[in-house]
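Student: I would like to go through the labels attached to this model and see what each one rests on.
Tutor: Then ask about them one at a time.

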Amino acid sequence: MRIGVRYILLGSICLAQIALMTLSTGCANRGIGPQGGPKDSLPPVITKMTVPNGARNVTQKEMSIQFNEFILLDGSTDNILISPPQQRPPEIKAVGKRIDIAFQEDLRDSTTYTIDFGDQIVDNNEKNPLKDFALSFSTGDQIDSLEVYGQLINAEDLNPLSGVIVGLHENTEDSAFMTLPFTRIGRTNEEGEFSIKNVKAGSYRLYALQDQSRDYLFQPGEGIAFQDELVTPYITISTETDTIYLPDTLDVDGRPIADSVITAEYYYYEPSNLLLRFFKENYQRHYFQRALRKEAHAITFYFGAPQDELPTFDGLPQGILQANQGKDTLTYWLTDSADIKNDTLRFTMTYLKSDSLYQLQPQTDTLQTVYRAPKLTERALKAMQQKREKTGLAIQSNASSKVHHFDTLYISSPTPLAEVLADSIHLQLKKDSTFTPVAIQVQTDSNQMKVRLITSLRANQDYRIVVDSAAMTDVYGFANKANHFDLHVRSTEEYATMTILLQPYIDNAYIQLLDSKDMPITTVKAEQEGTLFKYLEPGTYFMRMFIDEDGDSKWTTGDWKTHRQPEQVAYFPKKMTLRANWTFEETFRWQERPLLEQKPAAIRKDLNKQK
């Protein structure tokens, strides 16, 4: 990254000319916008600063910046970055043609301060921004001038993340991340890029922090990234020869004088290619949200995280407790008619709740649930009851015209089942207009609301599920009416097949096929001779792999306490279009491209910007 130039050999060019040339090009104040052009496209211009950029031995806590026109701060002052970070942020406000800054904390001795406005300063009329403006000054004799550059990506999907704080800690102990504010900070842009400026020479720990608590300290539950090695900023210098012709370097005949060739030193800030992989630890805050009794016979409990250990109740009437697939919603089915008629139920519930350190602790709450029955006439209530008795248990099935031959057929009930008569449920193969019985095994799921039909389905065939009357009865005594469900099993020619050869092969790698929204469709362990994906729907796919370091067959996030980085992810750089009855082969050279160049643009997005 070229950031400056210093001239060494001047030849016949005078020092005053070089100084004038440098000031008019490379060293111009970046706060001054382009001159000329339409008036309404020009950014505000700084006319005066009570503390000039680069000032030293500054002691005053109040300062102002004057402009040539009325200005505004576009957005919250929280977006203005102060380094070193302040526990009590300065008061920064726009007043007419002026910005006033008042620090609320004492300035530290021999410290370089940076107030990075980004694009927050705009003119009052057209909102033209003064881009990338930052004010730097020092309370000591020198300005710290080193810089650190890099990029932040989400570890699981390699997407850039904007608006995340990236900071350096001069205290290299692990405890500093949780107890001390950063020494210097920056913030990521839409490409996840960050720069930390005005850094003092030394070695630092580098972190990224999704600072939800706004205290510049890591709190459990906040997203983070960290560099394993210490970061030591430095400058590299390269010497190059340039030819510069100025008007008074020509001889009397108008020809350039030969010794107008100069040598220049170009210097670069390093490191400039740091890469941080952002993650959230696998800690979920467990808490109880609410309990609702929408129906007289059922209470639904909502939790903030999956309940691996189900709660216990005291004072709750007899019933059946069931969890949904995610285990964060529980339904308690009341089974006694007297309790169902009671519109108010009071009881206690004991469950596990996260404390401030995400440790699970028993918590007991006293709850009251109320069922508010709809206001209906006696005639309407009787009609509803008659309809329910006539309809019976409203069973459903996943049978359809597009069943896969590897699917498991099932019949579901809206309420828990008390009895299932297996010999009253049948599967029949249809040939022309003839139905032939097919052997099945009937299994009731543990949640008592689904019956599975275990069999081997044949591709490109028609079937019918036949359910006799009263084959299924729920806990409230309602039985199903006679019913049937027709289905068609799809032909194998409707699918695509794909083989992926992973190079280099690694025995603990998994390959994931993704849809156009970057969501996994299927995950398969990589095979050395080629990983086979069968029965794929025709369409567009993307692909990534991850290295399963802990052997749990899924991608695992990082952990700060153990200094474990997230498991490594790589993306296949192209989209894949699959056609029906077509075999596709591809080689996934997952180390061929740098990590930042792997993900296809079609599925690359800044999730923080979308939020």
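Student: Among contacts in the protein chain between residues at least 6 apart in sequence, what percentage joins residues at least 24 apart?
Tutor: The share is 67%. Keep in mind that this is a predicted model. Its chain has 611 residues, of which 43% are buried, and its secondary structure comes to five helices and 44 strands.

Student: Why is the pair of Phe303 and Tyr351 called edge-to-face?
Tutor: A pair of aromatic rings is described by the distance of the centres and the angle of the planes. Centres must lie within 6.5 Å, and planes over 60 degrees apart count as edge-to-face. Here the centres of Phe303 and Tyr351 are 5.9 Å apart and the planes are at 65°, so by the definition the label holds. The whole structure has 25 aromatic pairs.

Student: What does the pair of Phe303 and Tyr351 tie together?
Tutor: Phe303 belongs to strand 21 (residues 298–303) and Tyr351 to strand 25 (residues 344–354), so the parts tied together are 48 residues apart in sequence.

Student: How do you know whether Phe303 and Tyr351 are buried or exposed?
Tutor: Buried means under 20% relative accessible area. Phe303 has 3% and Tyr351 has 4%, so Phe303 is buried and Tyr351 is buried.

Student: What makes Phe313 and Phe347 an edge-to-face pair?
Tutor: Their centres are 6.0 Å apart, with 65° between the planes; the limits are 6.5 Å and 60 degrees. Phe313 is in strand 22 (residues 312–314) and Phe347 in strand 25, 34 residues apart.

Student: Why is Phe313 called partly exposed?
Tutor: The class lies between 20% and 50% relative accessible area, and Phe313 has 24%. Phe347, at 3%, counts as buried.

Student: How do you know that the charged end of Lys450 sits over the ring of Tyr410?
Tutor: The distance to the ring centre is 4.1 Å, against a limit of 6 Å, with a further condition of 35 degrees from the ring normal. Arg579 sits likewise over the ring of Trp582, with its charged end 5.4 Å from the centre.

Student: What makes strand 28 and strand 33 a pair?
Tutor: At least two bridges are needed, and four join strand 28 (residues 409–412) to strand 33 (residues 450–454), which run antiparallel. Ile411 stands opposite Val451 in strand 33. Both strands belong to an open antiparallel sheet of four strands, in the order 27-28-33-32.

Student: Why are strand 27 and strand 32 at the edges?
Tutor: Strand 27 (396–397) and strand 32 (441–444) each have a single partner strand, so one side of each is left without a neighbour in the sheet.

Note on methods:
Residues numbered from 1 in each chain as written. Predicted model: local features only at pLDDT ≥ 70, side-chain atom pairs only at ≥ 80, totals over all residues. Heavy atoms only, no water. Helix = DSSP H or I, 4+ residues; strand = E, 2+ residues; numbered from the N terminus. Buried < 20%, exposed > 50% of the residue type's maximum accessible area, 1.4 Å probe, protein only. Contact = heavy atoms within 4.5 Å. Phe/Tyr/Trp six-rings, centres within 6.5 Å; stacked < 30°, edge-to-face > 60°.
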